[in-house]
Amino acid sequence: CINNEMRASGVVTSLNLSDTTLLFVKNHPLMEGVVTPITGRPLLVQSASQFSKIVVDKVTSLDGQQHRIMFIGTSK
């Protein structure tokens, strides 16, 4: 994640990250545990893919608004 310290040093998007950093992030996804939807049922269903990793977070955008984000990964 790009934090305020990184923004201060000129890194404002993933396009500003080095290939080495992007490759490390790709090869080392972090996931602590299972995330269950509030509704108790899947929020997203796609029959052609099997999701293997999910990360949900609450972030504050540059304009100060709070957003919930979900990253979904497959074995591919």
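A: The model is predicted, and local features need pLDDT of at least 70, side-chain atom pairs count only at pLDDT 80 or more, while totals for chains, interfaces and linings use all residues. Residues are numbered from 1 along each chain as its sequence is written, and side-chain values use heavy atoms, with hydrogens and water left out.

The protein chain contains two helices and two strands, arranged along the sequence as α-α-β-β. Here helices (H or I, at least four residues) and strands (E, at least two) are DSSP runs, numbered from the N terminus. Of the 76 residues in the chain, 3% count as buried. Buried means under 20% relative accessible area, exposed over 50%, and partly exposed in between, for a 1.4 Å probe and protein chains only.

Strand β1 covers residues 51–60 and pairs with β2 in the antiparallel sense over nine bridges. Two strands are said to pair if DSSP finds at least two bridges between them. Within this pairing, K58 stands opposite R68 of β2. Five residues lie between the strands of this hairpin, in which G64 adopts a positive phi near 90 degrees.

H67 itself belongs to strand β2, residues 66–74. With a relative accessible area of 34%, H67 is partly exposed. Leaving aside neighbours within four places in sequence, H67 is in contact with D57, K58, V59 and S61; contact means heavy atoms within 4.5 Å. D57 is ten residues from H67 along the chain, and their C-alpha atoms are separated by 8.3 Å. With S61, the side chain of H67 forms a polar contact, side chain to side chain, at 3.4 Å. A polar contact is a pair of N or O atoms within 3.5 Å; within protein, one must be able to donate a hydrogen and the other to accept it, and residues adjacent in sequence count only if both atoms are side-chain atoms.

F51, V56, M70 and I72 form a nonpolar patch on the surface, with about 310 Å² of accessible area together. β1 and β2 each supply at least two residues of this patch. Such a patch joins nonpolar side chains (Val, Leu, Ile, Met, Phe, Trp, Tyr) within 5 Å, like charges being joined within 9 Å, from residues with over 30% relative accessible area and no salt bridge. A salt bridge is a side-chain nitrogen of Lys or Arg within 4 Å of a carboxyl oxygen of Asp or Glu. Accessible areas come from the Shrake-Rupley method with a 1.4 Å probe; for residues, only the protein chains shown count as cover.
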